[in-house]
Amino acid sequence: SNSIITLSTGIPIAAYSQLFSRLTRSCHFHLLETLVTMAFHRRGIGASATMYISSVFLAMPVLGSVPLIIDTDIGCGGCMDVDDVGAICMAHALVDRGEAELLAVVQNSMPSLGVGAISVLNRYYDRDVPIGAYKGTDLNTSGPTEPYVSDLASNWPCTFRNASQVPRGVDVYRQVLAAQADHSVVISSIGLLTNLAELLQSAPDKYS
């Protein structure tokens with residue numbers, strides 16, 4: 001089995017720039033800053049965002065590139081926020097620094113456009129990262145989304161626009177994990193645990 005780490009560490013939005021500087025040095029976050037500003041301005045609140053990836057890597061000694069999977073609700077159906085954008089961008093920045101290997105990003109909520117937003121972020125960092133999506137029958141397919149999700153999926157360059165164009169999250173998990181050494185992968189689950197539940201309940205397949 002591979003390692004599973006689920007984190008929820010609250011960091012005030014005002015602390016973002018200091019945290020990004022500490023973790024990423026010269027990496028660029030123009031897209032992230034725009035999305036954070038847009039999302040919180042539209043909601044009319046001075047909110048705190050939640051950062052998950054940062055606390056994993058701040059707590060770990062640098063021992064080379066850490067295999068990483070992000071499991072995100074990306075502003076859809078679960079928690080209506082923008083912290084998932086920060087987590088995905090943080091992961092790409094850590095890849096730039098040689099501290100992480102981003103194996104996959106999977107969506108654990110149901111609204112289809114979340115995949116498009118994930119694909120835009122991966123494309124922005126010029127990486128072809130496998131994407132999967134939860135496709136169970138127990139969530140509302142027309143649930144609410146943050147406005148930035150549809151903005152990204154509809155207006156920015158991407159490989160995939162919606163969940164119909166990608167495999168199930170559990171299939172991506174099984175394929176990616178089968179290719180990695182046991183106890184080597186960090187899974188950052190941000191939002192619902194739908195994909196992980198399917199993974200733990202899944203039967204053997206062609207991958208493992």
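1. Helix H4 (residues 83-96) and helix H5 (residues 113-124) pack at an angle of about 30°, with their axes 10 Å apart. H4 is therefore roughly parallel to H5, given that angles under 35 degrees count as roughly parallel, over 145 as roughly antiparallel, 65 to 115 as roughly perpendicular and the rest as oblique. Axes here are lines fitted to C-alpha atoms, for helices over the stretch in contact, and angles run from 0 to 180 degrees between N-to-C directions. The crossing of H4 and H5 is right-handed, a term used if the near helix is turned clockwise from the far one by less than a right angle, with anticlockwise being left-handed.

2. This is a predicted model, in which local features need pLDDT of at least 70 and side-chain atom pairs count only at pLDDT 80 or more, while totals for chains, interfaces and linings use all residues. Residues are numbered from 1 along each chain as its sequence is written, and side-chain values use heavy atoms, with hydrogens and water left out. Helices (H or I, at least four residues) and strands (E, at least two) are DSSP runs, numbered from the N terminus.

3. Where H4 and H5 meet, Val85, Ile88, Cys89 and His92 of H4 are in contact (heavy atoms within 4.5 Å) with Ile118, Leu121 and Asn122 of H5. H4 itself has 14 residues and spans 20 Å from its first C-alpha to its last, close to the 20 Å expected, where the expected span is 1.5 Å times one less than the number of residues. Of those 14 residues, 13 are buried, where buried means under 20% relative accessible area, exposed over 50%, and partly exposed in between (1.4 Å probe, protein chains only). Just after H4, Gly98 takes a positive phi of about 80°.

4. On the cysteines, Cys89 counts as buried because its relative accessibility is 1%, and Cys158 is buried as well, with a relative accessible area of 12%. A disulfide is a covalent bond between the sulfur atoms of two cysteines. A search of the whole structure finds zero disulfides, the criterion being a pair of cysteine sulfur atoms within 2.5 Å.

5. H7 passes H8 in a right-handed crossing, and Gly169, Val170, Tyr173, Arg174 and Leu177 in H7 meet Asn195, Leu196, Glu198 and Leu199 in H8.

6. Leaving aside neighbours within four places in sequence, Ala178 is in contact with Tyr207 and Ser208; Ala178 and Tyr207 are 29 residues apart in sequence, yet their C-alpha atoms are 6.2 Å apart in space.

7. Leu68, in strand S3 (residues 66-72), is buried at 0% relative accessibility, and the C-alpha atoms of Leu68 and Leu102 are 5.0 Å apart across 34 residues of sequence.

8. Two backbone positions deserve a look. Ile74, in the loop between S3 and H4, has a phi near 40°, a positive value in a residue other than glycine, and is buried with a relative accessible area of 0%. Asp126, in the loop between H5 and strand S5 (131-133), has a positive phi of about 60° although it is not a glycine, and at 71% relative accessibility Asp126 counts as exposed.
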